[in-house]
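Me: Hi! I'd like to go through this structure with you, starting with the ligand. Can you take a look?

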Amino acid sequence: MADSPDTPAVDADSPLRHRHLLDLSTYDADELRHILDTAQEFRAVLDRPIRQVPTLQGTTVASLFFEPSTRTKLSFGLAAGRLSAETVSLSKSGSSVKKGETLKDTARNVEAMKVDVVVLRHSSPGAPHFLARCTDSVILNAGDGAHAHPTQALLDVLTMREHIDTFDGLNVSIIGDITHSRVARSNVQALTTLGANVTLCGPATMLPVEMERAMDVRTTTDLDAALEGCDIAMALRIQMERQDEGLFPSIREYHMKFGITPDHLRRHPNLLIMHPGPVNRGVELANDVVDHERAIILSQVTNGVALRMAILYLLAPQRTDG
Ligand code: NCD
């Protein structure tokens, strides 16, 4: 049984000091760069006619998704398949969680079936850290409440790296419902570790100002200020499922104050637009912005598969010499 939530890698040759991917707070710049370099190699594999390598033959990956997901779930499934791992998956509606089973018991039963890696999405912050403490499987966090979404942030910085020379001094603005966004938190960790400047922008009711001190970022409620001198703008969805009452007057008013429009693209001719998906067209991004050539949203999705291949390659136990 693992006695610490994140004991060092079993493979002494691995430059990674982690056994799990829970959040990015303890990953240093060398580790992040190593993950990105590995993902870049897998990105090339995805363009080959045969996109499968035998590396994880004999390794079993279980995906437990207790919250809805399109991109992350498919992407982890594809990544495991491309590496020839065996995969099983479970969602909340089809599982015994509906019958009152605890997360710990579900995970220990999954582990008893000899699963090597658990990919977990859960609405409770810290759920993956808890599993890492009470099971022996490698745990990969696929999003825990508003806390962390490390593979999303890693695929985001991988995508940025295709368009920039260096993270040093890069200006990235993250715009939207920051309070409830695990994507924002993990991106701040990755980007500040790599040397970028981060501005967080949103309505005052969705912008925790204490993040400014705690996470070494700038905060503003003014979209124009956030876009001034900005290289990359990342728009976020309003997380309706994580708030009881409306924290903004109306969708229309939100779009008028915080939505990115073709006019913003005209005024900032080098600005790139990112979004983790799912996009609410006409809210955080105008329809034409989503489809604009400077929106690199679908590259993020493609890179997500390569990045998750890299994470599985680096952290999953390899059972063959493949
Ligand atoms: C994000 C998530 O689930 O946190 N989506 C994703 O994983 N691509 C963002 C969101 O749901 O708004």
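Reply: Happy to! This is a predicted model. In it, an N or O atom in the side chain of Arg237 sits 2.8 Å from an oxygen atom of the ligand. For Gln239, a side-chain N or O atom is likewise 2.8 Å from a ligand oxygen atom.

Me: And how far is the polar side-chain atom of Thr72 from an oxygen atom of the ligand?

Reply: That distance is 3.0 Å.

Me: OK, how much of the ligand does the protein bury?

Reply: The protein buries 93% of the 320 Å² that the ligand exposes when taken alone.

Me: Which residues are around the ligand, then?

Reply: Here they are: Arg71, Thr72, Arg121, His149, Gln152, Arg182, Val183, Arg237, Gln239, Pro276, Gly277 and Pro278.

Me: How do the residues of that shell divide into nonpolar, polar and charged?

Reply: Three are nonpolar, five are polar and four are charged.

Me: Switching to the big picture, what does the domain assignment give for the protein chain?

Reply: It gives domain 1 (29-148 + 302-315) and domain 2 (163-295). Their centres, taken over C-alpha atoms, are 27 Å apart.

Me: Where does the ligand lie relative to those domains, and why?

Reply: The ligand lies between domain 1 and domain 2, because both of them give residues to the shell around it.

Me: How many residues of each domain are in contact with the other?

Reply: On the domain 1 side there are 14 residues, in contact with 13 residues of domain 2. Between them the two domains bury about 930 Å², with 57% of that on carbon and sulfur atoms. Within domain 1, the residues that lose the most area to domain 2 are Leu32, Arg71 and Ala146, which together make up 44% of what that side buries. Arg71 is also one of the residues around the ligand.

Me: Nice. Now some backbone details: is the peptide bond from Gly277 to Pro278 cis or trans?

Reply: That bond is cis, with omega near -5°. Pro278 is in the loop between β9 (272-274) and α11 (287-290), and both Gly277 and Pro278 are among the residues around the ligand.

Me: Last one: what is phi of Ser84 near?

Reply: Phi of Ser84 is near 70°, a positive value in a residue other than glycine. You'll find Ser84 in the loop between α2 and β2 (86-91).

Methods:
Residues numbered from 1 in each chain as written. Predicted model: local features only at pLDDT ≥ 70, side-chain atom pairs only at ≥ 80, totals over all residues. Heavy atoms only, no water. Near = heavy atom within 4 Å. Polar contact = N/O pair within 3.5 Å; in protein donor to acceptor, adjacent residues only side chain to side chain. Areas by Shrake-Rupley, 256 points an atom, 1.4 Å probe, with all protein chains shown as cover. Nonpolar A, V, L, I, M, F, W, Y, C, P; charged D, E, K, R; others polar. Domains from an automatic or database assignment. Contact = heavy atoms within 4.5 Å. Buried area = accessible area lost by both parts, 1.4 Å probe. Helix = DSSP H or I, 4+ residues; strand = E, 2+ residues; numbered from the N terminus.
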